[in-house]
Amino acid sequence: MDENKKPRLCELLGVEVGEKWMVESHPIVFCIAPDGELMRHTHDDTWVDAYASAWMILSVLNGKSKITRRSRWTETDMAHAKALLTLFPDATAVEKVGPYYIKIIEAISGVVVCIRAELFPGLASGEYVRLDEILEAAP
């Protein structure tokens with residue numbers, strides 16, 4: 001594929017190659033690879049073929065659902081991610097569960113503790129994100 005040409009699926013969905021996005025009300029994170037392949041993010045921080053999730057994409061294309069762009073991390077989110085890693089050095093991710101709390105997750109032991117949702121204003125309900133991804137947004 002021509003490097004300057006965007007895959008057709010990107011054009012149809014209105015997203016960029018490699019941009020992370022979700023379908024509203026679903027916690028799965030998607031992106032379109034440079035070759036036009038639909039990929040989904042897994043909890044172990046890998047990207048896999050998302051062919052089994054094609055029904056969600058059809059829902060977007062048919063206008064029944066909307067794409068939700070991934071959060072743009074605030075300075076508060078980044079500061080809190082750093083603080084969490086100081087308090088819980090083995091923490092790997094956070095997940096917002098409903099409107100009131102966020103789970104702090106360790107790779108080996110699972111959920112460590114729950115905190116108030118307002119501590120991560122950039123995290124959408126149902127969204128799971130690795131702490132290193134939040135910290136990568138730091139200037």
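This is a predicted model: local features need pLDDT of at least 70, side-chain atom pairs count only at pLDDT 80 or more; totals for chains, interfaces and linings use all residues.
Thr 46 is located in the loop that lies between β3 (38-41) and β4 (47-49), and, when residues up to four places away in sequence are not counted, Thr 46 touches Arg 40 and His 41.

## The nonpolar cores

The largest nonpolar core is made up of 15 residues, and those that touch the most other members are Leu 84, Val 94, Ile 102, Phe 120, Leu 123, Leu 131 and Ile 134. Two or more residues of this core come from each of the elements α3, β6 (91-97), β7 (101-106) and α4 (131-136), and α3, with three residues, gives the most.

Asp 77 belongs to helix α3 (residues 75-87). Although Asp 77 is buried, it has no salt bridge, and the nearest side chain of opposite charge, that of Lys 96, is 9.0 Å away. A salt bridge requires a side-chain nitrogen of Lys or Arg within 4 Å of a carboxyl oxygen of Asp or Glu.

With its neighbours within four places in sequence left aside, Asp 77 is in contact with Leu 119, Phe 120, Pro 121, Gly 122 and Ile 134.

## Salt bridges

Side chains of opposite charge can pair when their charged atoms come close. The structure holds six salt bridges, including one between Glu 16 and Lys 6, whose closest N and O atoms are 3.1 Å apart. This pair links distant parts of the chain, ten residues apart, with Glu 16 in the loop between α1 (8-13) and β1 (21-23) and Lys 6 in the segment before α1. Glu 16 counts as partly exposed at 45% relative accessibility, and Lys 6 also counts as partly exposed, at 28%.

Another salt bridge joins the side chains of Glu 133 and Lys 20, at 3.6 Å from N to O. Because Glu 133 lies in helix α4 and Lys 20 in the loop between α1 and β1, this pair ties together parts that are 113 residues apart in sequence. Glu 133 is buried, with a relative accessible area of 13%, whereas Lys 20 is partly exposed at 27%. A salt bridge is also formed by Arg 130 and Asp 132, with 3.4 Å between the closest N and O atoms; here Arg 130 counts as buried, at 18% relative accessibility, while Asp 132 is partly exposed, with a relative accessible area of 35%.

## A nonpolar surface patch

On the surface, Leu 12, Leu 58 and Leu 61 form a nonpolar patch that has about 260 Å² of accessible area together. Leu 61, which is found in helix α2 (residues 54-61), is partly exposed, with a relative accessible area of 37%.

Terms used
Residues are numbered from 1 along each chain as its sequence is written. Side-chain values use heavy atoms; hydrogens and water are left out. Patches are made of residues with over 30% relative accessible area and no salt bridge: like charges are joined within 9 Å, nonpolar side chains (Val, Leu, Ile, Met, Phe, Trp, Tyr) within 5 Å. Accessible areas come from the Shrake-Rupley method with a 1.4 Å probe; for residues, only the protein chains shown count as cover. Helices (H or I, at least four residues) and strands (E, at least two) are DSSP runs, numbered from the N terminus. Buried means under 20% relative accessible area, exposed over 50%, partly exposed in between (1.4 Å probe, protein chains only). Lys and Arg count as positive and Asp and Glu as negative; His and the chain ends are not counted. Contact means heavy atoms within 4.5 Å. A nonpolar core is a set of buried Ala, Val, Leu, Ile, Met, Phe, Trp, Tyr and Cys residues joined through side-chain atoms within 4.5 Å.
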